[in-house]
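Me: I'd like to learn how to read a few features off a model. Could you walk me through them, general idea before the particular case?

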Amino acid sequence: MTELRKAIGELVEKHLPDETHFVVEVKLEENAGKTKILILIDADQGVTIQACAKLSRAVSGELEENEMIGEAYVIEVSSPGLDFPLSSARQYQKNIGRELKLTLNSGIDVLGQLLEIDATGVKLLVKKKEKGKKATEEELHLPFAEIKKSIVQVSFK
């Protein structure tokens, strides 16, 4: 299954619409004798339904042509939803300026505006509120090694 996932990942890379698009994840799941292929892609300026459909057709065509999967399968291509954790530096880069909720390995949640990303971690602008005092803001650098999960927060302002 790992080899198949890797091969499908290579097909996906080959058929991405352009260099602004990138692979977030390729998952394979067995369900009632069918293989479900879930392909999550993202792009610097967002993903269109047309890009997902085109990629789905291209990957399916190659899977059929090369007989890579013998049994029935379902393929699903989409962008990661808002509740899907950020997993690559490129996704963090795309979300600079947005509010993130980071869950640290220690179990603590940190909420702040993503200011920048570097090779070691992210810098957030975090509001500190102490009782009886005015809220202050401070920059906080968090190493990737300490981050368990990062979720973009939706703002309706």
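Predicted model: local features only at pLDDT ≥ 70, side-chain atom pairs only at ≥ 80, totals over all residues.

Me: Let's start with helices. What describes two packed helices?

Reply: Two things do: the angle between their axes and the distance between the axes. Here the pair is α1, residues 2–15, and α2, residues 49–65. Their axes are 10 Å apart, and the packing angle is about 130°. That angle makes α1 oblique to α2.

Me: What is the handedness of the crossing where α1 passes α2?

Reply: The crossing is right-handed. From α1, the contact is made by Ile8, Leu11, Val12, Lys14 and His15. From α2, the partners are Leu55, Ala58, Val59, Glu62 and Leu63.

Me: How many nonpolar, polar and charged residues does the contact of α1 with α2 have?

Reply: Sorted by class, that contact has seven nonpolar residues, one polar and two charged.

Me: On to salt bridges. What should I look for?

Reply: Look for a side-chain nitrogen of Lys or Arg within 4 Å of a carboxyl oxygen of Asp or Glu. By that rule, this model has eight salt bridges.

Me: Take lysine 36. Which residue does lysine 36 form a salt bridge with?

Reply: Its partner is glutamate 76, and the closest N and O atoms are 3.5 Å apart. Lysine 36 sits in strand β2 (residues 34–43) and glutamate 76 in strand β3 (residues 73–78), so this bridge ties together parts that are 40 residues apart in sequence. As for accessibility, lysine 36 is partly exposed at 30%, and glutamate 76 is partly exposed at 34%.

Me: Which strands do lysine 128 and glutamate 138 lie in?

Reply: First the bridge itself: the side chains of lysine 128 and glutamate 138 meet with an N to O distance of 3.4 Å. Lysine 128 belongs to β6 (residues 121–128) and glutamate 138 to β7 (residues 136–143), so the parts tied together here are 10 residues apart in sequence. Lysine 128 has a relative accessibility of 41%, which counts as partly exposed. Glutamate 138 is partly exposed too, with 33%.

Me: And what about aspartate 109 and lysine 101?

Reply: Their side chains also meet in a salt bridge, at 3.7 Å from N to O. Aspartate 109 is partly exposed, with a relative accessible area of 42%, and lysine 101 is partly exposed at 34%.

Me: Which residues are linked in a network of salt bridges?

Reply: Glu116, Lys123 and Glu139 are.

Me: Now single residues. Is leucine 40 buried or exposed?

Reply: The cut-off for buried is under 20% relative accessible area. Leucine 40, in strand β2, has 5%, so leucine 40 is buried. Setting aside residues up to four places away in sequence, leucine 40 touches Val23, Val24, Glu25, Ser78, Ser79, Pro80 and Phe84. Take proline 80 from that list: leucine 40 and proline 80 are 40 residues apart along the chain, yet their C-alpha atoms are separated by 5.8 Å.

Me: Is serine 56 buried or exposed?

Reply: Serine 56, in helix α2, is buried at 17% relative accessibility. With neighbours within four places left out, serine 56 is in contact with Ile75 and Val77.

Me: How about lysine 127: buried or exposed?

Reply: Exposed, with a relative accessible area of 63%. Lysine 127 lies in strand β6 and touches Thr136 and Glu137, again not counting residues up to four places away in sequence. From lysine 127 to glycine 112, 15 residues away in sequence, the C-alpha to C-alpha distance is 7.0 Å.

Technical notes: Residues numbered from 1 in each chain as written. Heavy atoms only, no water. Axes fitted to C-alpha atoms, helices over the stretch in contact; angles between N-to-C directions. Helix = DSSP H or I, 4+ residues; strand = E, 2+ residues; numbered from the N terminus. Parallel < 35°, antiparallel > 145°, perpendicular 65-115°, else oblique. Left-handed = near helix turned anticlockwise from the far one by under 90°. Contact = heavy atoms within 4.5 Å. Nonpolar A, V, L, I, M, F, W, Y, C, P; charged D, E, K, R; others polar. Buried < 20%, exposed > 50% of the residue type's maximum accessible area, 1.4 Å probe, protein only.
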